[in-house]
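User: I'm new to this structure and would like a close look at a single part of it. Could you take me through the nonpolar core and the helices around it?

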Amino acid sequence: MTAVTSLGFGKAMEKKLFSVRIHTAEELTELGSKQAASRLKAKYPGTCAVVLCYWEAAIREGEIK
């Protein structure tokens, strides 16, 4: 299991992801960026679309390696 911080996220984002039950990079990849952003937006209404783009890029980069 790989920490979400390995995808380039900081500790603050890691804490938010944990709060919506995403604990590993694999869970984020399996769930997908859209669903993860939806969960985060439901809990943190101020979440912007940039997060979705960043996650998608991180997921795709992880798949390429």
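Analyst: Here is a walk from the overall chain to the core, and then out to the helix surfaces.

A word on the ground rules: this is a predicted model, so local features need pLDDT of at least 70 and side-chain atom pairs count only at pLDDT 80 or more, while totals for chains, interfaces and linings use all residues. Residues are numbered from 1 along each chain as its sequence is written, and side-chain values use heavy atoms, with hydrogens and water left out.

The protein chain has four helices and zero strands, running α-α-α-α from the N terminus on. Helices here are DSSP runs (H or I, at least four residues), strands are E runs of at least two, and both are numbered from the N terminus. The C-alpha trace spans about 35 × 20 × 20 Å along its principal axes. Of the 65 residues, 32% count as buried; buried means under 20% relative accessible area, exposed over 50%, and partly exposed in between, with a 1.4 Å probe and protein chains only.

Now for the core itself. The largest nonpolar core holds 16 residues, and F9, M13, L17, L28 and W55 have the most contacts inside it. Such a core is a set of buried Ala, Val, Leu, Ile, Met, Phe, Trp, Tyr and Cys residues joined through side-chain atoms within 4.5 Å. The elements giving two or more residues to it are α1 (11-19), α2 (25-31), α3 and α4 (49-64), and α4 gives the most, with four. In soluble globular proteins, nonpolar side chains tend to be buried together.

Leaving out residues up to four places away in sequence, W55 touches F9, M13, L17, L28, S33, A36, A37 and L40; a contact means heavy atoms within 4.5 Å.

What about α1? Its buried residues are M13, E14 and L17. Down the axis of α1 they fall within an arc of 105°, so they too line one face. The face of α1 turned away from them carries exposed K11, A12 and K15.

E14 has a partner as well: its side chain meets that of K11 in a salt bridge (3.3 Å, N to O). The rule asks for a side-chain nitrogen of Lys or Arg within 4 Å of a carboxyl oxygen of Asp or Glu. E14 and K11 are three residues apart in α1, so about one helical turn separates them. E14 is buried, at 11% relative accessible area, whereas K11 is exposed at 62%.

R60 counts as exposed at 52% relative accessibility, and E56 as partly exposed at 26%.

Technical notes
The arc is that of the directions from the helix axis to the C-beta atoms.
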